[in-house]
Amino acid sequence: MNESLERLKEEVAGRLSRSVSEAEVEQLRVEYLGRKGTVTGLLRGLKDVAPEERPQRGEELNRLRAFIEERIAGCLESLKAEKRSKALTEERVDITLPGSRRERGRVHPLTMVVDEIVDVFSAMGFEIARGPDIEDDYHNFEALNMPKDHPARDMQDTFFVAAERLLRTHTSPVQIHVMESRKPPLQIIVPGAVYRHDDDATHSPMFHQVEGFMVDRGIAFTDLKGVLTHVLRQIFSADARVRFRPSFFPFTEPSAEVDIGCVICDGKGALRDSHACRVCKGTGWLEILGSGMIDPEVFRFVGYDAEKFSGFAFGMGVERIAMLKYGVEDIRLFFQNDLRFLRQFPSF
Ligand SMILES: [Zn+2]
């Protein structure tokens with residue numbers, strides 16, 4: 001190879017060996033092999049070389065170009081390897097840094113109350129049953145002793161989805177479903193959503209009930225009183241006062257409304273500043289559930305012999321109990337999903 005090309009080769013090799021970055025190597029590539037690069041210029045000058053010297057000169061220049069390309073590739077390869085091993089030693093993961101915290105959900109206050117009620121009944125041997133939210137007129141009304149023209153139907157403003165189909169207005173139709181398919185003894189509770197055309201601070205078009213019933217030979221009103229008194233004392237307080245008032249429901253006879261001593265004013269009817277208690281309207285009592293002995297007419301619908309079997313049934317509003325337990329004044333707060341409201345309840 002001619003001397004000047006030999007020098008050029010050494011010059012490139014020397015400069016590449018001193019290069020410390022990919023950018024520097026790229027700069028050298030442009031300088032020698034780029035469009036205006038030294039070697040490119042020499043190759044372009046071939047046409048001015050005497051024809052007899054041209055083949056050798058051409059070959060030398062091509063070898064030089066190949067040499068430079070090879071060196072550049074090798075140089076880039078070793079720079080990359082160097083960078084990798086440097087990253088491996090320097091960029092360590094700090095395992096002592098705190099991780100990103102995952103937001104924990106919590107149980108909705110209404111679910112908490114349902115769970116609590118279910119626990120109390122389960123401990124007494126009650127099973128849980130469920131039924132459909134969309135019912136037919138027969139199970140929601142008729143089999144519960146409310147024929148088409150019965151005035152009690154007006155107590156439950158109903159959402160109809162078709163002529164004989166409706167959103168259940170209470171969980172009582174599940175009583176009918178269970179009794180249609182099973183024989184006593186039965187001890188059942190039915191938690192679930194119910195629907196009525198009603199909407200204000202204490203009524204929601206969708207709310208929850210826990211229905212329950214017990215059927216066997218020889219079940220008496222004293223069983224109803226004993227079970228419900230125990231349940232209310234478990235849910236509210238061991239010394240809660242409980243009273244039973246005569247009432248009317250089409251599917252029970254006799255029927256009783258059950259009250260507990262007001263949890264806000266402690267049954268006094270008035271607050272410490274002597275203002276009347278708004279929650280119990282000054283009466284000192286809170287209506288908490290409806291109950292009664294299952295009407296023989298209901299047994300007739302499900303094919304039970306009312307001479308052999310008797311039973312009691314009851315229903316309670318979950319939202320009402322939650323409002324009293326936690327001092328919530330507007331039922332709508334339960335359904336707005338405002339985290340500021342929901343976060344006030346204990347989480348598990
Ligand atoms: Zn009160």
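Analyst: In this predicted model, the C-alpha centres of domain 1 and domain 2 lie 91 Å apart. Domain 1 covers 3-90 and domain 2 covers 109-342, bounds that come from an automatic or database domain assignment.

User: How do you know that E3 and strand E4 pair?

Analyst: Pairing requires at least two bridges found by DSSP; two bridges join E3 to E4 (residues 165-167), so the two strands pair, and they run antiparallel. Within this pairing, Phe160 stands opposite Leu166 in E4.

User: Why are strand E2 and strand E3 said to stand at the edges?

Analyst: The open sheet has three strands in the order E2-E4-E3, with antiparallel pairing. Strand E2 (134-136) and strand E3 (160-162) each have a single partner strand, so one side of each lacks a neighbour in the sheet. On average, and with direction ignored, neighbouring strands here are turned by 35° against each other.

User: What makes strand E1 and strand E7 the edge strands of the sheet of seven strands?

Analyst: That open sheet, of mixed pairing, runs in the order E1-E5-E6-E10-E9-E8-E7, and strand E1 (127-128) and strand E7 (242-249) each pair on one side only. Helix H8 (residues 221-235) packs on the sheet, where it touches strand E6 (206-216), E7, E8, E9 and strand E10 (310-317), and its direction makes about 145° with that of E9.

User: How do you know that strand E8 and strand E9 pair?

Analyst: Against the requirement of at least two bridges, eight bridges join E8 (residues 252-261) to E9 (residues 285-294), so they count as paired, in antiparallel fashion. Glu257, for instance, stands opposite Gly290 in E9.

Note on methods: Residues numbered from 1 in each chain as written. Predicted model: local features only at pLDDT ≥ 70, side-chain atom pairs only at ≥ 80, totals over all residues. Helix = DSSP H or I, 4+ residues; strand = E, 2+ residues; numbered from the N terminus. Axes fitted to C-alpha atoms, helices over the stretch in contact; angles between N-to-C directions. Contact = placed C-beta atoms within 7 Å.
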